Amino acid sequence: MRLAVMGASGRMGRALTLAINNNSETQIGGGTERSGSDAIGLDIGTLNGLDPIGLTITDDPVELFTKVDGILDFTSPAASLKFAELSAQARIVHVIGTTGFTPEDEEKLTAASNHAVIIKAGNMSLGVNLLVALTRKVAGLLDENFDIEILEMHHRHKVDAPSGTSLMLGKAAAEGRGVDISEKSVRTRDGQTGPRKSGDIGFANLRGGSVAGDHTVIFAGDGERIELTHKADDRSIFANGAVKAALWGKGKAPGLYSMADVLGIE
């Protein structure tokens, strides 16, 4: 399966390129970068410490999309929306690890999925998706006497908060409780906030260093706590998950899928 990498020169882009190269079922099909990037024109193999493969990084995805079976996209919401439109036109698999989409953005992705196989997840790792399933289950078993707090930490370069994974976990907790996350989410606390409201789902975000991604869901009751934690030591787990998702999506009917679909997790 020929796969192209969007944002090929970034930290995640490089990890994705190596993951494609290391998988016997996939082949590097090229890569893109934003206009003006120093990576434009560089061989994507050489950029990643591999032998030259004769494919240079481009800032024009249109032609590239006609030559590949799928794309791996961990870029920005605006770029991902553009790529989704092109994927729909080319009828290829679009794996999206981008986070920070607005509700309006989500509607546009849903529209694009009428013609493309779009697999979108705030986190591509097996462990995190198991954590999401466990969070939903535990939230459904515990009543509002257990307060739910979601804590995450990422590297200093991450630009959005809460993380896409935190939002996945919050949504799962709300689903387990049978409530609307938009009505229960608490994103900030500062100053005289008053006592915690029963049933709220809190989010706390830490940034620093080179942390690939740590997430903990805390169920805090009177006299006891349950903590579910996942720690990512290397972003290669996300890259390998994205490649797995692309392979799963090949030949599937157009639609909007998640990593839970890919991994068969209910």
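## A buried serine to start with

Let's begin with S113, which is buried, with a relative accessible area of 6%. Here buried means under 20% relative accessible area, exposed means over 50%, and partly exposed is anything in between (1.4 Å probe, protein chains only). S113 sits in the loop between helix 5 (103-112) and strand 5. Helices (H or I, at least four residues) and strands (E, at least two) are DSSP runs, numbered from the N terminus. Leaving aside residues up to four places away in sequence, S113 touches I118, P254, G255 and L256, where contact means heavy atoms within 4.5 Å.

A word on the model itself: it is predicted, so local features need pLDDT of at least 70 and side-chain atom pairs count only at pLDDT 80 or more, while totals for chains, interfaces and linings use all residues. Residues are numbered from 1 along each chain as its sequence is written, and side-chain values use heavy atoms, with hydrogens and water left out.

Which residues of helix 5 are buried? They are D105, L109 and A112. Looking down the axis of helix 5, you'd see these buried residues fall within an arc of 55°, so they line one face of the helix. The arc is that of the directions from the helix axis to the C-beta atoms. There's a handy rule behind this kind of pattern: an α-helix has 3.6 residues a turn, so residues three or four places apart point the same way.

The buried residues of helix 5 pack against helix 4, strand 4 and strand 5. On the other side of helix 5, P103 and E107 are exposed.

Now for an open sheet of six strands, in the order 2-1-3-4-5-11 and with parallel pairing. Two strands pair if DSSP finds at least two bridges between them. Strand 2 (27-32) and strand 11 (255-257) are at the edges with a single partner strand each, so one side of each has no neighbour in the sheet. From one strand to the next, the twist averages 20°. Strand 1 (residues 2-6) and strand 2 run parallel and are joined by five bridges; L3 has I28 in strand 2 as its bridge partner.

Helices lie across this sheet too. Helix 1 (residues 11-22) lies across strand 1, strand 2 and strand 3 (70-73), at about 170° to strand 1. Helix 4 lies across strand 1, strand 2, strand 3, strand 4 (93-96) and strand 5 (117-120), at about 165° to strand 4. Axes are lines fitted to C-alpha atoms, for helices over the stretch in contact, and angles run from 0 to 180 degrees between N-to-C directions. T17 belongs to helix 1 and counts as buried at 0% relative accessibility. Not counting residues up to four places away in sequence, T17 touches V5, A8, I28, I44 and N48.

Five strands make an open sheet in the order 7-8-6-9-10, and here the pairing is mixed. Its edge strands are strand 7 (185-186) and strand 10 (224-232), each pairing on one side only. Strand 7 and strand 8 (residues 201-207) run parallel, joined by two bridges, and S185 stands opposite I201 in strand 8.

## Rings and charges

Rings of Phe, Tyr and Trp (its six-membered ring) pair if their centres lie within 6.5 Å; planes under 30 degrees apart count as stacked, over 60 as edge-to-face and the rest as tilted. How many aromatic pairs does this rule give? The count is two. F65 and F83 have ring centres 6.1 Å apart and planes at 35°, so this pair is tilted. F65 is in helix 3 (residues 61-65) and F83 in helix 4 (residues 77-90), so the pair ties together parts 18 residues apart in sequence. Both F65 and F83 are buried. W248 and Y257 form an edge-to-face pair, 5.2 Å centre to centre with 80° between the planes.

W248 is partly exposed, at 22% relative accessible area, and K252 lies over its face, 4.4 Å from the ring centre. Likewise, R187 lies over the face of F203, at 5.5 Å from the ring centre. A charge sits over a ring if NZ of Lys or CZ of Arg is within 6 Å of the ring centre and within 35 degrees of the ring normal.
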